[in-house]
Structures are given as structure tokens and as C-alpha cells.
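User: Hi! Could you walk me through how to read confidence, domains and contacts here?

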Amino acid sequence: MTALPALPDAFSDWFASRGWQARPHQLALLAEARAGRSTLLVAPTGAGKTLAGFLPSLVELTERAPLRVAKGERSLHTLYVSPLKALAVDIARNLDTPIREMGLPVSVETRTGDTSAAKRTRQIQRPPDILLTTPEQLALLVSHRDAASFFAGLRRIVLDELHALVTSKRGDLLALDLARLRVLAPGVSAVGLSATVRAPRDLQLYLGGAETPAGLVTVEGGASPRIGILDTDTRLPIAGHTTAHAMRDIYRAIASHKLTLVFVNTRMQAEFAFQALWSINDENLPIALHHGSLDATQRRKVEAAMAEGRLKAVVCTATLDLGIDWGDVDLVVNLGAPKGASRLMQRIGRSNHRMDEPSQALLVPSNRFELLECRAALEAVQEAAQDTAPARIGGLDVLAQHVLGIACSDGFDADSLYREVCTAAPYAELSRADFDAVLHFVATGGYALASYERFAKLRQDKAGHWRASHARVIQQYRMNVGTIVESSMLKVRLSRQRAARPGQPKLVTRGGRVLGEVEEYFAETLTPGDTFIFAGEVLRFEGISENEALCSRAPPGTDPKIPSYAGGKFPLSTFLAARVRRLLANPAEWAALPEEVASWLHAQRLKSRLPKSGELLVETFPRAGRFYLVAYPFEGRLAHQTLGMLLTRRLERARMKPLGFVCNDYGIAVWTLADMSAAIARGALSLGDLFDQDMLGDDLEAWLAESALMKRTFRACAIIAGLIERRFPGQEKSGRQVTMSTDLVYDVLRRHEPEHVLLKAARADAATGLLDIQRLGQMLTRISGHIVHQPLERVSPLGISVMLEIGREAVYGEAADDILAEAEAVLIEEAMA
Amino acid sequence: MTLAAAETGAAQRVVMLGRLALVPDLSGALWLPEERTLVVADLHLEKGSAYASRGVFLPPYDSAATLSALTAAVLRHRPRRVIALGDSFHDEPGQARLAEGCRNALRGLQQGRDWLWITGNHDRSILPRLGGDSAAAAEIAGVQLRHEPSASPEAPEIAGHLHPVAKLRLRGRALRRRCFALSPLRCIMPAMGAYAGGLNLRDRAFAPLFGQGLSAHMLGDGRVFRIDPRLLLPD
């Protein structure tokens, strides 16, 4: 490393006035920036990352100020991008202190969805020195017709919470925009601020470009965190995800700390925990709720109260995962399974922002399997093992959006744009054929058998440059920018009830308060009269009216019918799964487990068996006139759900008459009318064949044709790629009707042009997204030849935990015509009666 | 007039509308066995290219898909006459946009049988080169055939226009399928177009058209199912 540079006097004086001195990594970043090099800074929370990121900009702007004034230079110097609008606003506030106290000649502004049109225009004409924004706003700036001159003087890019940005399609979009900025501003260098990750090299490539990886500055973690698994006197449930058994203990922990963050994996768990804590809140501790579905103003109130120190605890979801400094958190409680070691560490990092003091955290498993998972996560944290996701392969749908965006700016030459795109790390391996397919998709739809040439969105000018053909195309692009496709949401409205004439049901009218939003597919599982918890209240579902779920307050004392959100939206990481399997296979390690969990495992070994860590245990047994197959792949709920869909198809073909299946993160249970134990014994059913990797061939294709999950995946790709607009102009279409029409488009495209680039994009998503096919494939390879079958007389101790999902979860495997025939029979029965 | 559910096997369920025997077909077409007539509604041909002209490049295969579904139904029933119940084209210029292959397919379908275009709100007239006759309405055995359902029909009526779909939920699974909406006075047909969306039978647009005696004949994967309206859910 080069010798650490000296700070200008104003800066060292300022550090001294606060009793600080610049930290080595802050100076290292300054040196790297002066040399014009991009750098990744990996540091734990509390290490002064933000200041380290901005220090080079502040110093350079101060040193160059006289020169800039003399030359009348008025250009953007530093661009800061964060995943959250709120974070950008927070950083603006934090930057204000040093700038004001040192009297630096530096202007800082934010640009988000909330920025007024007048201010945006002014920012283009007279940019601030430092602009703080989000990936979507950056995409809009890059596609601006004046992008070239706007970014020409750009010197620095600061990417905050980079580890969180790169794992999604937003990261793909940002990578493409970075590649663009490297071309528009050849002198630019970037700094990425990141929490500890498994493979920093991935982020270095992302930051500097595929051929010029950024340098790395690492700050070793401070004091290691103090983490414990909750030791409670109450029994740990066999299944379920509520952690109801532990609420008293959690409440006591809250009472004895200053500010506690209670992290949960799903919105519904948040609602339940909040309700449960308040029901025992004898001391009236100020405990608040924070999740993404709540109304924004309500969330802002909670955030403000936290920052002002008025709260004792906040029950929250991933919405508070990222690094906003909301207050002096001294305890993090993680309810339920941690799902991943790195995720857990980032959450724990939310407590205690002084890196030399240990963070305090408490893990609260909600069932016995989750206890094993907590145990595995604890060991991983102690070894500082990381399991962040592997680097993404860039989505073709995102590329399509970017290509359209660039065509909206000053146009592009296809060869140069292809070379530029390949410097973005997620697209380093992009083939020219895929690039051309995307380009033609954007220009004319890219269909093989018919062309929309006459309606082309992009046309080539005489010099061969591709440009947007029409101002309307630019407008469409600007309306649809971004990669976040919300599932269709329904507003939850607390409707007023109007008494009707006596003897008639009450009428529900609209016009009450909006409490927040729920996903449409959740509302679809509700029948009028169902009760559920939302925004801390028990609501009675009354019906759906246009895009609103109308609800009323349930009478006091009503038990909510808690919707089952199984293990939550994050599947168990492969890394933790492997550790759990190892723990199961090794009785010597059980000594560290609570007595009841150890004896549960001993009972399993006695009554059935425990698989070795490379094996897949499959149990079959009869129960109440049905025959069950329970398997324990430990591959997460999404992969299990896909496995279940495919297994039931194969069991159908093997004439086992499957009726349905359920799964959780650890295992899967399928039930049939035919006796599977007997069929296996007489050789009529082979488990090796049943779990053969060839299920990912024709069976998968056949299922994908009708899979609602695949259609949802396709819809997201279609929206991101710009095939379907988020809103059809001039048409009153609710999200629900759009969903229907993308399903129709999917059916037609799949039949007539299965190799179309959009289907290719959707299949790539299906491999890692909602269907997790890639992980299923890895599992099938892993267990091939290692299946152990255990026929049983009754359900095993492990099996109960999976079987208890029955009744909580929708049952799969019912064919549409079976459902319709049953509905039809209702009528016939009545007619015959 | 009664709605007699005279069943002649699962695949061929005959319902009576006035004196006219109807068989709701799995394709979404209506088969009139005594008249050897096939009725189809809301083909919305060239909807894809209509969107494309506004910069939404839906796959341009919808007309081919729709016509191949229609061809399959024609081959199955070998009708003497085909009646398209309006909105056969998504927009008027669509008639001119229809690609040559599709025009040929259409001509092939018209070969050796009568073909009647009933005009709809999307296609107030039909280009002569598309073949067939056209009319605002027709009558068969005392039953009126028209595009939009009339508010208070004087005689039994077959109409389209509303694209009915029915939704139900059983065993934790929701199904939303195109359907025929039938009562002793009316038959509202599902849309046959590949990109034609659907309107839920519980939508208020249907309320004034059906009193008692509504039944939904939902299109399953292998046959048509007659479903009690009390099982139907709104969207």
C-alpha cells in the first residue's frame, strides 16, 4: 500500500476537535482515490464506513475549489447510490455535520422519487457537487438526453451497502449503469462499502468492471458478538413458526435492555409477535411494529420515535436490515430460524454501533428443527464463516430495459454497447447472440415468425446508431424503469359497516382508513369472515372491492386465523443446511443441544433412523387410511415445493394415486391412496427412479407449462423487459387483470416460440428464484445412489414436524379437473337430495 | 321454458334455451347439434398487433392460436354453418393486418359452409374480402343471436361481449376459468380469443342480466363443468 497521505489541515483539525483521528482505512481509501483506483471497503458496522467513502470526495472538492471557481466549473463530482431512499436521505443529514463544521465549499443534494420536477430539472442544469440517489434514479439519469455532458466531469462513485445491492436484478441494472458511467466519465473511480461477505472478489469485479477489478481494503471485525440461543423453561414446539412459547422470556429481555430490535422473517410473524408481546405488556413498554406492508407514514413515525429514543423495542422484518442508524440498539433478538449465517451477522450488527464493544444477540428458535438451524448458525458465526449468495448472472430482461434506456439517451452503436455491457461483471459472459436477441426484442419484439418492424421502438440512423423512434417510447421507458416488480397488492381498508334493515346482513361500505397493503395472493386465500392480524389489530375480512381488501375490526377476544407463511421468504441457505445435516448425523454433538431436542433425535434413531450426512432418508408409513412418504432433503421450502410438484406427477404415473403434499424448509411429506411401502417391497416402485435427476427434464417442462409460479416469474420478466407496461396508458387495469393477460401471453409464446429471449430470461429466473430448480438439481445429484428407505408402522419423531404442516399449508397436487368435478358434485348431490 | 340439464354423457351435455338445444364445448364454442351450427364469440383477432401499434410488442401469434382453436372445433363438429358473435377483430384496422397465413386458414374454414359475422363494438363492419356474410343479429329457432346482451330480451338470447370467467376455491386451490353463463333466458358465451381477458361472473355488469337460475359452465382441462353459482367467488 502507498504511504498514507496527510489530511489537509482543515480536516485534521476537525478530527482533532472531536477527539478523533482519521482511521487507517479512511486514509487508505483516500490514497487509493488519489491514485484514481476503485476500491472495495469491507468493514463491520461502526467502523466509519460512510465517512471513509466520502472523505476522498470532500478532500478533493476542497482542494480543487479555487480551481473550479476560476474555471466556472459546475459539474457533478460524486455520485452516491444506496438501495434505500431513506438511507440516501439519512446520509445527506450525516454529511452535513462535517461540511458545516469545517465550512467546506461542498453542496450535497438528494434525488429520489420524491424530488420535485422543478428541482430535478435544476439539478441537471446546475448539478450539486455530491448527488445522493438510488439505482432507479441513476438509470433515469443515464438515459437522459444530456447524460453525456451531465456525467462528463464525474470523479467518484460511492456505492453503499453493496453486498445487499448486488444480489438482485437491481444489482444487474446498477452494474450496467456503472459500465455506462465508466465510458461517459473515463476518469471516474468507485468505492463500494460492504459488510463482510464470503467472496469479496465478486464485489471487486462488480465495482471496477470485469476486466479491471477494484482493490480491497478490509477492516477486521471488532469485538466478537455475544450470541446466545434462548434458554427457556417452556417446551420447544415440534412444529410451527410463532415462537409463542418464548414471548415471556423475550419480554423480560426487552425490559432489561435500552432498545431491542426483534427481527422476524415474515410480515405475519411480525404481526403475531407484536400482538403476543402487547398481550403480556404489563409495564406498558413502548413496543412498536415495522414492516414493509405498513402504511409509509406509520413507518416514518416508528423510525422517528426510534431515533429519538422513545421506544423500548421494535418488531421488524428485513425492512430494518440495512444500515440506517435509527438509534442506540443494544440487543438484537432473532425470532425463528436465521436461514443464513451472513444474514444473521448483518442483523446482529444492527446492535451496538461502536465496533470495539461486542454486539448482543439472542436467537429464538420456534421449533426443534429451527433449534438445530440456530445451533449451526451459531457455530458459523463463531468461525466467521459466510454464506452470502454467489455472484449473479445478469438477467436478459434487465439488459433489455437498459438497452432501451441507452437508446433514449444519445443512442448507441451495437458493437460498442455490447463491449461496454460485457465490462459489467454480471454480463461478463454474455454472448453476442443473446445481446442481439435482446436488441431485437427491444426494437421490434424479436419474434421469429412475424415482425413488428413498422411499429419499431428503436431505429438505426444513417450512421447505424440505434435510437428511440419516438418521444412516446422515451415516455414509456421512463414510466417503467426499475427492476422491482411488486406482486399485485391490495390496500387493506378498515371499512365502515352500515346497519341494514333488520334480518339482513350488515352492509360494508368503503371509505374507512387504509392500514397498509397485502399481496393479492394472500387476500385470495381469505374467505369473507376469516380473521387475521394486520397492523397490530385482529381484522375480519369482508371482501375484495376493486383493488382493496375491505376489512372490519374483529370483536375483542377473537382468535385470529393466522395465515401460514411457513418458514418465511428466505429459504434455508445451502451452507446452513449442510451443517444441520452434519449435526443430525453426529450424536457426539448432541450433548450441546437442549435435553428435549437431544432425546427427540435419540427417539428418531431408535424408532426410524438418522441419515448420514450424505444420505437422503425416505420414510414410508400408513396413517388413517392413507399412505405417507416423508423425505428430508433440507434444501429449503422453494426447492421442496418444486420437488413436491414433480414427485406427485411421478407417483401418479406409478399409479400410487397421490392426493397432495406439504413441505417446510427441512422436509417434504406426500400422501397417496396406494400403499407405497408395499409397492417398494415388491419392486413396483423404485425410490431411485422416483428421485432420479431426469425429473428435471420432461416432467419439469410439463409442469412449467401450467405452473402459477412460473407464470408469476414470466410476468416479472415481461414487466422489467418492457413487454408489458406497469400501467397500460389510458386503461383502467388493475394489477389483477394484468396478471391474467400475462398468463395468456405466456401460454401463446410458450407454444409458438419456446426459444424466445423472454422465456429464456424467465427460465433463468426460475432456476434460482421461486422454483429454486438449480438447488433441486444439485440435491438430486448429491443423493443419487444415497437414498436410504425406512418403512415404518407409524410416523417417526422427525416426520411429525413435517406432517404438522398439513392443515397449515395449502395442499398441492390437485388437478384442476378434480377440483371442478368436486365442485360440480356439490350441485348434483343437492339435486339428488 | 325450463333449463333442463338433459345429460348425454360427460362430454356432450345438452342444455335447452327455449326450443334450441345447446352444447357448451370445451373450446369455448357453442355447438347447436340440431342446426349443425357452431357459434363462437369474441375472437379478438389481431389483438397482439393492435397493442404493438401502441408500442406493446405482445407475441404476434394470437390470431394463429385463436384460429387453430377454432379449426379444431370445426374439425370436431363439422358444422354446416359458423356464426362469429361479434368482436371477431380487436379493432377495425386489424381486419387488414391479418397475415396471409391466417387469411388462408380463415378461407379454409369457410370452405363448404355458411359463415356469418355478427358485428360487434370492435368491428362495426367486416371487409368483404374476409368472406362470409355479415349482420347485426340473427335468429335461430326463436333464439336471438347478438353481440351485446340486451337489457330485457323478449326472446331467449345468445350473446358474447362480456367475456365471462368464473372463479371458485376448493381444497386451498383457486381456479379461474372461462365459462358459459346460462339461465333459462340467456347464454353468454366465453371469449375465444387467445388474448381476450375475462370478466368475473360476480362483477356487477352481470347482475342485471341474471336473476335466479344462473349456472356457470366452466371450461376445465378435459371437459366442461356445470357449477352452482353459490360456489363462485368474486376476484
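Analyst: Start with pLDDT, the predictor's confidence in each residue, from 0 to 100. Chain A has a mean pLDDT of 85, and 88% of its residues reach 70 or more. This is a predicted model, where local features need pLDDT of at least 70, side-chain atom pairs count only at pLDDT 80 or more, and totals for chains, interfaces and linings use all residues. Residues are numbered from 1 along each chain as its sequence is written, and chains are lettered from A in the order in which they are written.

User: Where does pLDDT stay under 50 in chain A?

Analyst: Residues 562-568 are one such stretch, and residues 728-739 are another.

User: How is chain A divided into domains?

Analyst: Domain bounds come from an automatic or database domain assignment. In chain A, they give domain 1 (9-218), domain 2 (226-382), domain 3 (396-484 + 708-767), domain 4 (489-553) and domain 5 (608-706 + 771-818).

User: How many residues of domain 1 of chain A are in contact with domain 3 of chain A?

Analyst: Two residues are in contact if their C-beta atoms, placed from the backbone, lie within 7 Å. By that rule, 25 residues of domain 1 of chain A meet 24 residues of domain 3 of chain A. The centres of these two domains, taken over C-alpha atoms, are 30 Å apart.

User: And how many residues do chains A and B bring to their contact?

Analyst: Chain A brings 40 residues and chain B brings 34.
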